[in-house]
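I opened a new page for this structure and jotted down what I looked up. Come along and follow the entries with the picture beside you.

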Amino acid sequence: MINIGFIGCGNMAQALIHSFISSKAVKPGQIVASDKNNRQDFAKETGIATATNQEVVDKSDIIFICVKPQNIDEILGEIKDSGKVFVSIAAGVPTSKFKGMKIVRLMPTMACQVNEMVSAVYFPDNIPDDEKKQIRKLLDSVGKSFEFKEEQFDAFTALAGSGPGFFAYFIDAYAKVAEKYGFDSQVAFELINNTCLGTAKLMKEKSMDADELIKKVMSPGGTTEAGINVLKSSEIKKIIEETIKAAVKRGGELGK
Ligand SMILES: NC(=O)c1ccc[n+]([C@@H]2O[C@H](COP(=O)([O-])OP(=O)(O)OC[C@H]3O[C@@H](n4cnc5c(N)ncnc54)[C@H](OP(=O)(O)O)[C@@H]3O)[C@@H](O)[C@H]2O)c1
């Protein structure tokens with residue numbers, strides 16, 4: 001049975017802790033977390049232990065570093081390298097920052113809370129296979145992890161990390177149109193949200209690509225074709241590409 005540590009217990013760490021516990025990947029007694037605020041309320045609610053940063057390192061087999069990028073130097077000054085494996089979730093911070101440590105880079109997402117976390121993980125050569133397996137198992141207990149090269153992290157962060165923000169914007173625009181047709185805002189939100197969910201599930205579970213699905217719902221001269229024709233003659237694909245490009249560029253800038 002392995003023990004999992006968290007240095008920094010803010011929004012993302014709490015989401016991961018809640019999710020790992022509810023997925024039964026780990027028991028609360030296997031988790032210890034540190035935080036500047038010493039979050040006793042959170043510890044009480046979840047049943048995890050709290051400790052200082054160094055105690056977290058001493059008591060854990062895998063340690064998640066969940067502080068903001070600007071607090072990484074502070075953390076490195078506070079802990080002794082123990083040869084243990086650390087998993088940094090700090091956006092834009094390269095593994096080269098953690099000189100000589102066994103450091104894994106992870107980009108998690110809040111969707112861990114609904115067991116749909118798409119995460120990117122990068123394992124440098126000094127991470128043994130059994131530790132890789134333990135980390136992948138933990139991540140896959142709350143979604144699906146993908147192993148990528150470190151150079152791909154900015155693109156991943158834009159696509160999957162910022163992605164929910166872009167899809168939410170799209171859902172909102174769609175729901176506002178529904179309101180114009182007289183649906184009340186809650187109904188509009190639910191019907192669009194479920195249309196999105198159903199579409200994604202159909203494509204995933206029936207292994208359908210976009211063209212195939214569009215063909216299935218579009219009959220010649222029908223309603224879908226009328227709408228798709230507007231999309232095709234618009235700049236929407238260019239706008240989506242520019243949106244992602246801007247997020248990738250910003251990710252690169254933040255990492256410097
Ligand atoms: N939120 C997301 O959706 C998301 C997604 C992917 C990756 N990330 C990454 O996750 C990291 C944390 O983000 P977050 O949104 O969870 O931020 P957050 O809510 O601000 O959490 C950071 C926590 O670290 C604590 N902390 C700061 N300095 C510390 C120290 N020296 N020792 C121990 N704890 C310390 C902070 O305590 P105080 O509040 O007392 O300062 C805070 O509770 C960031 O690097 C971010 O890039 C976040």
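**Entry 1: the ligand**

I began at the ligand and found one of its oxygen atoms 2.6 Å from a polar backbone atom of V67. I kept in mind that this is a predicted model.

Next I looked up N11, where a backbone N or O atom lies 2.9 Å from an oxygen atom of the ligand. I then turned to K68 and noted a polar side-chain atom 3.4 Å from a ligand oxygen atom.

How much of the ligand does the protein bury? I found that the ligand taken alone exposes 890 Å², and that the protein buries 80% of that.

**Entry 2: helix α7**

I moved on to α7, which runs over residues 163-180 and has 18 residues. From its first C-alpha to its last I read a reach of 26 Å, close to the 26 Å expected at 1.5 Å a residue.

Which residues of α7 are buried? I listed G163, I171, A175 and A178. Looking down the axis of α7, I saw that these buried residues fall within an arc of 90 degrees, so they line one face of the helix.

Then I checked what covers the buried residues of α7, and the cover includes α6 (153-161) and α8 (185-205). On the other side of α7, I noted Y169 and K180 as exposed.

Just after α7 I stopped at G182, which takes a positive phi of about 95 degrees.

**Entry 3: T95**

My last stop was T95, and I wanted to know where it sits. I found T95 in the loop between β5 (85-88) and β6 (102-107).

Is T95 buried or exposed? Its relative accessible area is 12%, and buried means under 20%, so I wrote T95 down as buried.

To see what lies around T95, I looked up its contacts and found I103, R105, Y122 and E150, leaving out residues up to four places away in sequence.

How values were computed:
Residues are numbered from 1 along each chain as its sequence is written. This is a predicted model: local features need pLDDT of at least 70, side-chain atom pairs count only at pLDDT 80 or more; totals for chains, interfaces and linings use all residues. Side-chain values use heavy atoms; hydrogens and water are left out. Helices (H or I, at least four residues) and strands (E, at least two) are DSSP runs, numbered from the N terminus. The expected span of a helix is 1.5 Å times one less than its number of residues. Buried means under 20% relative accessible area, exposed over 50%, partly exposed in between (1.4 Å probe, protein chains only). The arc is that of the directions from the helix axis to the C-beta atoms. Contact means heavy atoms within 4.5 Å. A polar contact is a pair of N or O atoms within 3.5 Å; within protein, one must be able to donate a hydrogen and the other to accept it, and residues adjacent in sequence count only if both atoms are side-chain atoms. Accessible areas come from the Shrake-Rupley method with a 1.4 Å probe; for residues, only the protein chains shown count as cover.
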